[in-house]
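Here is a friendly walk through one protein chain, from its overall build to a few individual residues. Keep the viewer open as you read.

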Amino acid sequence: DRIIRVAKPFAQIFIADANFGIIARDAEIAQLVINICHKYDKRVVVLTNWAKNTSDRVVKIAHMLYGAGLCGAITLSAQSFDAEVLQIANRSNIRVETYRKMQQRFRELSVPTYTDLIWGLPGESLAKYRDSIEEIIQSGGSPVVYPLLLLNNTEYTKEKFRADYRIKARRLPCNPGIDELAADCVVEHSAMSFDDWIEGLMLRLTLCVFYKSLLHCTLRLISERTGTRVIDLVQRLVRDRKSVV
């Protein structure tokens, strides 16, 4: 109550929960935040980490907060849609069938979403990476791609794991525009060459420039008329850039 009362308009309030929406109480918390905002006639921006295995409860809570004007696009965390890659990462993320149903439900409620992918996961090739992006696009989502960082106390930093998957990393800025914020970024492993990694980053950039803005409708139309995957059309733009250069 006090936090919202003293907050400036449109202040960001982060609910520090790794899986918000995973238990019934979370819906009560969301309703409480909505009620207090109404009480003080205050608009804030509510941020959180949504439950990884998205459920009907997450859809309900997101719809509540979005309808109250307290949140924007909802994150559907996938990292990858390849079963082998997720097994190596020791993750049991949202199933493809569940993901498609949740995307459809969010669209029906007019709640925008975006889906996190991580480029550079051990076991993931450039082809698998493209498949994951296409899955998001065809499900009506918006892909957001992050590079894989070697974070402390994760499996990826263990010497045996790095040796088994021939992981190579470089110290690079991990946030565009903030050079001093650097991290060890995976740039190569047994299923991904350094050239593949660069290609994947170019694909990420091209997605942002063309699919998410300039040529969104055009790419969707060409894909529908020709039967060519959207990601393959975007890949063509990457290759055409190389030929022009």
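Contact here means heavy atoms within 4.5 Å. Among contacts in the protein chain between residues at least 6 apart in sequence, 70% join residues at least 24 apart. Please keep in mind that this is a predicted model, in which local features need pLDDT of at least 70 and side-chain atom pairs count only at pLDDT 80 or more, while totals for chains, interfaces and linings use all residues. Residues are numbered from 1 along each chain as its sequence is written, and side-chain values use heavy atoms, with hydrogens and water left out.

**Overall build**

The protein chain has 10 helices and seven strands; these are DSSP runs numbered from the N terminus, with helices being H or I of at least four residues and strands E of at least two. The C-alpha trace spans about 60 × 50 × 35 Å along its principal axes. For 245 residues, a compact globule would have a radius of gyration near 18 Å, and the 20 Å of the protein chain agrees with that. That radius is taken over C-alpha atoms, and the globule rule is 2.2 Å times the number of residues to the power 0.38.

**The core**

Buried residues make up 40% of the 245 residues, where buried means under 20% relative accessible area, exposed over 50%, and partly exposed in between (1.4 Å probe, protein chains only). A nonpolar core is a set of buried Ala, Val, Leu, Ile, Met, Phe, Trp, Tyr and Cys residues joined through side-chain atoms within 4.5 Å. The largest one has 63 residues, and those with the most contacts inside it are Trp-50, Leu-65, Leu-70 and Ile-133.

Leaving aside neighbours within four places in sequence, Trp-50 is in contact with residues including Phe-20, Val-58, Leu-65 and Ile-74. Ile-74 itself sits in strand β3 and counts as buried because its relative accessibility is 1%. Its partners, not counting residues up to four places away in sequence, include Trp-50, Phe-106 and Tyr-114.

Elsewhere, Leu-219 lies in helix α9 (residues 216–226). Leu-219 counts as buried at 5% relative accessibility, and it touches Phe-210, Tyr-211, Val-230, Leu-233 and Val-234, not counting residues up to four places away in sequence. The C-alpha atoms of Leu-219 and Asn-19, 200 residues apart along the chain, are separated by 35 Å.

Most residues other than glycine have a negative phi.

**The largest pocket**

About 900 Å³ of space lies in the largest pocket. Of the 32 residues that line it, the closest to its centre are Ser-77, Gln-79, Asp-116, Ile-118 and Tyr-146. On a 1 Å grid over the protein atoms alone, a pocket is an open set of points where a 1.4 Å probe fits, with protein on both sides within 12 Å along at least five of seven lines, and lining residues have an atom within 4 Å of a point. Grid points are joined across faces, edges and corners, and the volume is the space filled by probe spheres set on the points.

Strands β2, β3 (74–79), β4 (113–119) and β5 (143–147) each supply at least two lining residues, and β2 gives the largest share, with six.
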